[in-house]
Amino acid sequence: MRTARGRRAAVHLLMIAVALVVLFPILFALSTSLKGGAEVDRYPPTLWPHAPDAGNYVAALRQAPLPRFLLNSLVQAGAITLGQLVTATLAAFAFTFIAFPGRQALFFLFLATLMIPGEVTLIPNYLTVRSLGWLDTYAGLAAPYLATAFGTFLLRQFFLTIPRELEDAARIDGASRRRFLWTIVVPLARPALATLAIYAFLSAWNQYLWPLLVVNSTRMRTVQIGLALLQSQEIVSWGLVMAGVIIIILPTVLVFLFGYRQVVRGLTAGAVKG
Amino acid sequence: MTGRTTRRAVLRGAGAAAAAAALRGWRAAPAAAQTPTRITFWHAMGGNLGETVVRAFVNTFNASRKDIQVEAQFQGGYDDLINKLRASIGSSAVPAVAQVYDIGTRFMIDSKAIVPMQDFIDREKFDVGQFEPNILAYYRVGARLYSMPFNTSTAILYYNKDLFKKAGLNPDQPPRTFEEIASYAGRLVKSGATPSGITIAIYGWFFEQLLARQGALYANNGNGRDAAATEVVYDHEEAGPRILEWWAGMVKAGAATNPGRPTAASQRAFAAGQTAMTVDSTAVLASLLSQSGGRFALGTGYFPKPPGAATGGSIVGGASAWILNRRPRAEQQAAWEFVKFISAPAQQAQWYVGTGYFPVRRDAYHEPVAQERLAKYPQFLTAISELRSSPINRATQGALLGVFPEARQKSEDAIEAAVLGRKPAQQALADAAREVNQAIGVYNRTMGVK
């Protein structure tokens, strides 16, 4: 009994140590953001500021309209996530449950687009968006990323694990394809959908080149460019940049704190009968 | 069903248009007399220094003019900005004025999307007599000024006087030649004063400066100024390899530290007192002073050169303002007014005080704010005298290359290979040159440059 408790304590200690290692960059960013003046460049570096100071946060918010940038990023990343979930679900459903001629060939064609690096499509996409008059708009920011070959692939692989008997049973009971999709497939695929959502959201949130290209005005800028705005051409004020980083990752951390429960519930749903 | 939706959409659209029109009418009413010409200015000045000062300029300008309103838009760093221009240059989705870095000059001229600054200068008989001749020499191509110098800097040597004293070196006499730097760095380390004698970031700009300090050319055809360059020549004579051998030799001997590519790391090492010397842009002087927090006395010296290199000097770095021809004529004219404003003595003095770039014109130093600054940071005199003592020739005017951003990257690959001991200096440069020459060939063919 005592040894069991001791072992558990040891495991917990180990986990805490590993968590600290993983979290270290963020913790150090937080510490750096609170350092004032010359302490940032002191050697050896201090782990925690001697006199924590919020000056960098005030300066960062004065320097760049970060709340506005956060809103823009949220709209862009949210639209992309939603778009990818809808298009990938529908496409994967078709590739899994609907038999049509050329299905396999079409699917591989879909997959082939994964081999095209994003940089190659950047300029053509820019020209399209420009000719649509969507420069400097949310539509321009989100449009090229609303569909995803990777997400379709991910969901198709998951849908394949759904027993065909379920489909047969549903069809026999008179459910239409659409009803089968919404009431049976989507609830079952929650973990896969959550994974795709997280992936899509993060990729969109971290975009740099595309938002830089299609947006001109400060009003429509997204967070990553906001970070660039905090850096001078010749010299970097680390305290200021780290304050910006902390402000920018805060919402994503919050999204995950609340989203996490959903993911776990989805992953374990139906794992245990009861 | 479709019909209904469409009708509703049309109605909604019409409503929105009416509302917008009403709003516009309401907004325009007080101004009434004339609508100002609105122009946008793309710049690459981020951070608490650059962006703040640019914003102040624009606010002052807008407040002083009823006929012109400028909107400043930050477009990322220099590389981001020129890439964005490249993508949009054939269309009207370009600004009226853009700030482009020194090495983008050839590309901007070849793009044919600009109005040469000289046209405005000639038309208005604008006097450039007060501008620093070395700066004009860089931005003049074939005796014409294509863009207006805006923020300029050169590279200088920074050193820690306290560490010099500790190692028994004269803190008021910075080393000037390659040999002196190497021997000083060696002594600093050997004396135990510091773990690193000198820290030089792998930055292609330093290599270009070190070539010019020896009076050597970077590219053929007079650095691309007599005719378009067709190849780089830094691997032809001994000037190029000599730089890399000197650099790599110090690292190998343990006298110098290699901080990698960005200058951010060498700046931090220097500010933290972990290295006795570093080379960097003159624009970081004020920041280095504040980052070091008065922990040591900071000295400045000329950028080094090998002994006996008499014809050499410094090249100016930084960026200039370009007026684009895709915008309507009224906007071009408004852009010219704004360009004149930001290059005027008062603004240049303020720019100098706020950012550390030095004024593009001499009379800016007469402004009280500039005088105050010079009295406070006498180290800054180094930058000015280094520039003014540089003879103007093809080497110090700097090279013009359409593919300069890529070329700079390749030269950094070469430095890195030599410093890490992967390749001998000569071979590293020859390899880089081969790749750059290929890129120049492609550029000249596709842009129709002869």
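Ala, Val, Leu, Ile, Met, Phe, Trp, Tyr, Cys and Pro are counted here as nonpolar, Asp, Glu, Lys and Arg as charged, and the others, Gly among them, as polar. The model is predicted, so that local features need pLDDT of at least 70 and side-chain atom pairs count only at pLDDT 80 or more, while totals for chains, interfaces and linings use all residues. Residues are numbered from 1 along each chain as its sequence is written, chains are lettered from A and ligands numbered from 1 in the order in which they are written, and side-chain values use heavy atoms, with hydrogens and water left out.

Seven cavities of 30 Å³ or more were found in the structure. A cavity is a set of points, on a 1 Å grid over the protein atoms alone, where a 1.4 Å probe fits but cannot get out; its lining residues have an atom within 4 Å of a point. Grid points are joined across faces, edges and corners, and the volume is the space filled by probe spheres set on the points. The largest cavity has a volume of about 120 Å³. Among the 18 residues lining this cavity, Glu208(B), Ile315(B), Gly398(B), Ala399(B) and Phe404(B) are the closest to its centre. The lining comprises 13 nonpolar, two polar and three charged residues. Its largest share, four residues, is supplied by H9(B); helices are DSSP runs (H or I, at least four residues) and strands likewise (E, at least two), numbered from the N terminus.

The second largest cavity holds about 90 Å³ of space. Its lining includes Ser232(A) and Ile235(A) as well as Met45(B) and Tyr357(B), and divides into five nonpolar, five polar and one charged residue.

In total, 23 salt bridges were computed over all chains, a salt bridge being a side-chain nitrogen of Lys or Arg within 4 Å of a carboxyl oxygen of Asp or Glu. One of them joins Asp226(B) and Arg394(B), with the closest N and O atoms 2.7 Å apart. Asp226(B) lies in the loop between helix H10 (220-224) and helix H11 (239-252) of chain B, and Arg394(B) in helix H18 (residues 394-397) of chain B, so the pair ties together parts 168 residues apart in sequence. Residues are termed buried under 20% relative accessible area, exposed over 50% and partly exposed in between (1.4 Å probe, protein chains only). Asp226(B) is therefore exposed, at 55%, whereas Arg394(B), at 35%, is partly exposed.

Terms used:
1 Å grid on protein atoms, 1.4 Å probe; cavity = no way out; pocket = protein on both sides within 12 Å on 5 of 7 lines; lining within 4 Å.
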